[in-house]
Amino acid sequence: MCINSCHTYTGPFKDLESCCYCHEPHYDQDQLQRDGSKVLCQQFSTILLGPQLAAIRCSAEGAEEQKYCDSKLKEIYEMMDKVSEDGEEMVYDDIWCGADLLSLVEEIGMTENNELDSCPSLVISASLDGAQLYQNKKSDCWIGIWINQDYAPDTRFKKKKIFPNLTIPGPNKPKHIDSFLFTGLHHLAALQNEGNGQGQLIWDASANEVVHQCIIFLLALADALGMVKQ
Ligand SMILES: [Zn+2]
C-alpha cells in the first residue's frame, strides 16, 4: 500500500509504480537501485474469512450456533400466517423481519435449501471504521470486520463472535477504501465460487460430514463518515 495510506495496489492499481494521489513510490527505492528487488514500502493486513468460518463449523457447538437464521425465518413465516389469518400484529424484532430481506430469501431460495437440508447457507455483512489507538497521539488506524448474521442478535455483535477482516495502518485516512476492501472481497468471491458455485467446502461437526457452505454477502456497513469516504 501507499506509505501515506492513500490506496493499496490491488485491482486497477496493481501494476502502478507510485501512488496516484501523493506519488510516493510503491517499492523501496534504495533497495530497487541496489539490487533491483521490489520491496514494498508499506503493507496492510487482510485476515482471510474462509479459515475462520471453517474453524467455527468444525465444532458441533459452533455449527449449531449458526442456525439462528433458519429458526428465525420459520418463526417469521408462522407469524405472517397468523397475521393474515387471525389479524395479529407483526413483531419486528430482527433484521430478517424486513420485507426487503424476506423477498431476498425468496429470490435466492434460502428456505428451499433449508427444507431440503442441502448445503447450509451463511449470511455475513462487512463493516469498517476508523480507530484512534492513542489518547494523546494522532493515529488513524482503520479496522474492517465481518458480522455473521446467522448468530442470534444478542450474540452476533459480541467481540468473540466478530470475524476480523482487515487493518489499515496510518498515518492518514485511506483515500480509496475500495482498494483495501478488494482483497477480502476477492477471497469471499473465491469461496462463493468453490465447487462450481456450491460454496466453501468445509467440515460440519453437527452434520458429521463435509458440506458446501453457501456464503451470502448481505450488507456493506460503515458509519456516516466512513460511507462518505467510500
Ligand atoms: Zn499516496
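A residue is termed buried under 20% relative accessible area, exposed over 50%, and partly exposed in between, using a 1.4 Å probe and protein chains only. The model is predicted: local features need pLDDT of at least 70, side-chain atom pairs count only at pLDDT 80 or more, and totals for chains, interfaces and linings use all residues. Residues are numbered from 1 along each chain as its sequence is written, and side-chain values use heavy atoms, with hydrogens and water left out.

**Overall architecture**

- The protein chain contains eight helices and six strands, where helices (H or I, at least four residues) and strands (E, at least two) are DSSP runs numbered from the N terminus.
- Read from the N terminus, the order of elements is α-β-α-α-α-α-α-β-β-β-α-β-β-α.
- The C-alpha trace spans about 75 × 40 × 30 Å along its principal axes.
- Of the 230 residues in the protein chain, 37% count as buried.
- Among contacts (heavy atoms within 4.5 Å) with a separation of 6 or more, 58% are between residues 24 or more positions apart.

**Surface and charge**

- The protein chain has 18 positive and 34 negative charges, and their mean positions are 12 Å apart.
- In this count, Lys and Arg are positive and Asp and Glu negative, while His and the chain ends are not counted; each charge is placed at NZ of Lys, CZ of Arg, CG of Asp or CD of Glu.

**Zinc site**

- The zinc ion has the protein donors C2 (SG), C6 (SG), C19 (SG) and C22 (SG), at 2.2 to 2.4 Å; donors are N, O and S atoms within 2.8 Å of the metal (3.2 Å for Na, K and Ca), and sites may look incomplete because water is not among the atoms.
- The four donor atoms subtend angles of 102 to 113° around the zinc ion, which makes the arrangement tetrahedral; four donors count as tetrahedral if all angles lie between 85 and 135 degrees.
- Along the chain, the donors follow the spacing C-x3-C-x12-C-x2-C.
- C2 and C19 both lie in the segment before α1 (29–35), so the pair ties together parts that are 17 residues apart in sequence.
- Both C2 and C19 are buried.

**Backbone with positive phi**

- Most residues other than glycine have a negative phi.
- N196, in helix α7 (residues 177–197), has a positive phi near 55°, and N196 counts as exposed because its relative accessibility is 82%.
- N208, in the loop between β5 (200–204) and β6 (209–222), has a positive phi of about 60°, and N208 counts as exposed because its relative accessibility is 57%.

- S125 is located in strand β2 (residues 121–131) and counts as buried because its relative accessibility is 0%.
- Not counting residues up to four places away in sequence, S125 touches I145, W146, I147, Q149, F217, L218, L219 and L221.
- S125 and I145 are 20 residues apart in sequence, with a C-alpha to C-alpha distance of 8.4 Å.
- M80 lies in helix α4 (residues 68–86) and is partly exposed, with a relative accessible area of 34%.
- M80 touches M90 and L102, not counting residues up to four places away in sequence.
- The C-alpha atoms of M80 and V91 are separated by 9.5 Å, and these residues are 11 apart along the chain.

Terms used
Four donors count as tetrahedral if all angles lie between 85 and 135 degrees; four count as square planar and six as octahedral if opposite donors are over 155 degrees apart and all others between 65 and 115; anything else is irregular.
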